[in-house]
Amino acid sequence: MKYTMPKYNPPKFSEDKFTRAPDVKIAACGIDGVAPDNYHSTSMYPEYFKVNGVWKLAEESRMDCAVILRENGVLDVVEMRCIRARDMVLLGRSENCEEGVYLHVDGFAGEDRKNGDQFVFRQGRSRETAFSIDYDHLYDLLAHERENGNIVWVVGPAVSFDYDSRRSMQLLIENGFANGLLAGNALATHDLEASYMKTALGQDIYTQESMPNGHYNHLDTINAVRRSGSIPRFINDNNISDGIVYALVKKGIPYVLTSSIRDDGPLPEVIHSAYEGQAAMRDIVRKATTIICLATQLHTIAVGNMTPCFRVIDGEVRPLFIYSIDLSEFATNKLADRGSLSAIGMVTNVQDFVVNVAKGVGVMKV
């Protein structure tokens, strides 16, 4: 089935509230990393600012950032710690044109959603929710995005613990359904452990049988990778020919591994600094049009906070879709609580989910 992208409905700038609105106020920053008083903080929604009589969209908005007017007229959205002295920062705390700022929350809302019903049963996502239509929409979306968009996976280690889910993720990467991957030390470590020793956390990835001294296996894997000096060299040194990380390296897909306070090792490619890791993640996220988060609450919430609900492609505004897949209802509902129609939570085992997706898009035989 051909995927139909939801249409964006921009604000009607001919309305009085837009034409009568003042220009947004702007103040120069005085100290590096310190915003001027009354700075405007952004959201995940499209936000417009009236500059010299023209309403302009901040194209790379995300939550809790400041907006800087650059000399070339571009509205640059940056974390407040990244503001520099003399940057021209946009001001305003109201968001309905009163201060030249407009927050557009209904850009993708069709008339069919405005039925006026004040009581809607089961608005949240839970274990009792039926996800059949979500799967079918996702299969169509992924087929569309492989040809027209940018798919980023945010992957927790559970995906690497099972033979079928690990194989499915590998096939999705190898067949063009991944343009980037974000994870921590654990996902890469246990996936490489599976390639190197056929275990994950010391258990056989197919039978789940614990191996003798298996608790050493992931540490031995980290040690071997560090001996090689890098993940690609380890893959070459040990004739690795399967797995998620192997597929990323083989296909040249960019990935970012970020550290946590409890990391073992870690692997050589893991970024130690939280801010450097955040910046590296954002370099991948800013290209994404669909993001799928798999059983990793920390990374899911982090990516959600750095992602808007829209993307501007060739001058056109389109939705940015985010899926959160987890057995925890808290994790799946966290992004939806941000109010985005593009945030879809599915309460299910991520290993089953990945296998279903691989079958649904045709890269794994049923």
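In this predicted model, Asn52 sits in the loop that runs between strand 2 (47–51) and strand 3 (54–57). Its phi is near 50°, a positive value in a residue other than glycine, and Asn52 counts as exposed, at 69% relative accessibility. Most residues other than glycine have a negative phi, and most peptide bonds are trans. A second residue of this kind is Cys97, whose phi is near 85°, again a positive value in a residue other than glycine. Cys97 belongs to the loop between strand 6 (88–90) and strand 7 (101–103), but, with a relative accessible area of 3%, Cys97 is buried, whereas Asn52 is exposed. The backbone also contains a cis peptide bond, which joins Gly265 and Pro266 with an omega of about -5°; Pro266 lies in the loop between strand 12 and helix 8 (274–285).

Strand 12 leads on to the sheet. Six strands, in the order 12-9-8-13-16-17, form an open sheet with parallel pairing. Its edges are strand 12 (255–258) and strand 17 (343–347), each of which pairs on one side only, and on average the neighbouring strands are turned by 15° against each other, direction ignored. At one end of that order, strand 16 (residues 321–326) and strand 17 pair in the parallel sense over five bridges, and Ile322 stands opposite Ala343 in strand 17. Helix 11 packs on this sheet, where it touches strand 8 (151–155), strand 13 (290–294), strand 16 and strand 17, and the direction of helix 11 makes about 140° with that of strand 13.

The largest nonpolar core has 55 residues, of which Trp153, Leu172, Leu294 and Phe353 touch the most other members. Helix 11 (residues 350–360) gives the most to this core, with six residues. Around Trp153, and not counting residues up to four places away in sequence, the contacts include Leu172, Leu294 and Phe353, together with others such as Met169, Phe177, Leu181, Ile292 and Val357. A second, separate core has 17 residues, among them Val154, Ala280, Ala288 and Met306.

Helix 9 (residues 297–305) shows how burial can be arranged along a single element. The buried residues there include His299, Thr300, Val303 and Gly304. Because these residues cover an arc of only 130° around the axis, they fall on the same side of helix 9.

The cysteines remain to be considered. How many disulfides does the model contain? The count comes to zero, where a disulfide would require a pair of cysteine sulfur atoms within 2.5 Å. For Cys29, the closest cysteine sulfur is in Cys82, at 12 Å, so the two are too far apart for a bond. Cys82 is likewise in no disulfide, since the nearest cysteine sulfur to its own, that of Cys65, is 8.3 Å away.

Conventions: Residues numbered from 1 in each chain as written. Predicted model: local features only at pLDDT ≥ 70, side-chain atom pairs only at ≥ 80, totals over all residues. Heavy atoms only, no water. Buried < 20%, exposed > 50% of the residue type's maximum accessible area, 1.4 Å probe, protein only. Helix = DSSP H or I, 4+ residues; strand = E, 2+ residues; numbered from the N terminus. Arc of directions from axis to C-beta. Core = buried A, V, L, I, M, F, W, Y, C linked by side-chain atoms within 4.5 Å. Contact = heavy atoms within 4.5 Å. Pairing = 2+ DSSP bridges. Axes fitted to C-alpha atoms, helices over the stretch in contact; angles between N-to-C directions.
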